[in-house]
Amino acid sequence: MEIPEEIIKRVCLEDERAYEELFRLSWEQAVRTCWLILRSQHDAEEAAQEAFLKLYTHRRRLQDVRAFRGWFYRILVNTALDKVRKRKTVINIDEIHLPDQSDDILQAERRMLIDEAMKHLSYGERTAIVLVHFTGCTEAEAAEAAGWGLGKLKYRLNRARRVLAQEINKEVKTSKGGVHYA
């Protein structure tokens with residue numbers, strides 16, 4: 001999520017037009033980030049809306065414009081994880097699939113393998129993977145966004161990578177007879 005610093009400065013100064021521009025530029029990425037954690041489009045959109053409301057309410061607290069990305073991802077992740085904690089029913093995650101963003105069959109197959117493997121991660125592990133691999137945060141930014149120390153992020157990231165590799169390899173073995181990803 002690359003937002004020009006000028007827009008962020010204006011948002012912090014309570015410029016309504018700048019907030020609208022920030023919202024327009026970052027809405028899809030915010031929803032995608034929440035969806036990758038929550039695995040529900042409705043919940044992801046709801047969490048993203050709540051996160052934008054929190055951003056709007058607390059926008060004057062941001063002291064360093066360069067820290068915006070980590071600050072906003074922290075709001076997004078915490079809001080998504082709050083939804084997880086508040087859930088009263090279990091969503092049937094087997095019925096949810098990553099939407100294909102390409103007509104390329106190989107790309108779609110990889111997405112399905114990753115989607116299936118992600119079901120085996122805890123929310124913490126999924127959060128680490130989403131922040132580092134799907135949103136492009138550095139490990140330090142991801143740790144800050146999740147409210148963890150760098151060591152905790154690295155632990156969850158490494159564990160998630162092991163689980164994903166194991167699950168993908170298991171699926172590939174059964175469907176293609178022996179190809180390994182790592």
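Before you click anything, a word on element names: helices (H or I, at least four residues) and strands (E, at least two) are DSSP runs, numbered from the N terminus. This is a predicted model, where local features need pLDDT of at least 70 and side-chain atom pairs count only at pLDDT 80 or more, while totals for chains, interfaces and linings use all residues. Residues are numbered from 1 along each chain as its sequence is written, and side-chain values use heavy atoms, with hydrogens and water left out.

**Stop 1: the whole chain.** Colour by secondary structure and you get eight helices and zero strands. Now colour by burial, where buried means under 20% relative accessible area, exposed over 50%, and partly exposed in between (1.4 Å probe, protein chains only). Of the 182 residues in the chain, 44% are buried. Contact here means heavy atoms within 4.5 Å. Take the contacts between residues at least 6 apart in sequence, and 61% of them join residues at least 24 apart.

**Stop 2: the core.** A nonpolar core is a set of buried Ala, Val, Leu, Ile, Met, Phe, Trp, Tyr and Cys residues joined through side-chain atoms within 4.5 Å. The largest one has 54 residues, and C34, F68, F72, I129 and L131 are those with the most contacts inside it. At least two residues each come from α1 (5-12), α2 (16-38), α3 (41-57), α4 (68-86), α5 (105-118), α6 (123-134), α7 (139-146) and α8 (150-176). The biggest giver is α2, with 10 residues.

**Stop 3: α2 against α4.** Select 16-38 for α2 and 68-86 for α4. Axes are lines fitted to C-alpha atoms, for helices over the stretch in contact, and angles run from 0 to 180 degrees between N-to-C directions. How do these two axes cross? The axes of α2 and α4 come within 10 Å and cross at roughly 45 degrees. That makes α2 oblique to α4; the cut-offs are under 35 degrees for roughly parallel, over 145 for roughly antiparallel, 65 to 115 for roughly perpendicular, and oblique for the rest. The crossing of α2 and α4 is right-handed, a label used if the near helix is turned clockwise from the far one by less than a right angle, with anticlockwise being left-handed.

**Stop 4: T127.** Jump to helix α6, where T127 sits. Is T127 buried or exposed? T127 is buried, with a relative accessible area of 0%. Beyond its neighbours within four places in sequence, T127 is in contact with I37, V77, L81, A146 and W148.

**Stop 5: two loop residues.** Most residues other than glycine have a negative phi. E14, in the loop between α1 and α2, has a positive phi near 70 degrees. R39, in the loop between α2 and α3, has a positive phi near 65 degrees. E14 is partly exposed at 37% relative accessible area, whereas R39 is buried at 1%.

**Last stop: E116.** Pick E116 in helix α5, partly exposed at 34% relative accessibility. Draw a C-alpha to C-alpha distance to E167: 8.1 Å in space, for residues 51 apart in sequence.
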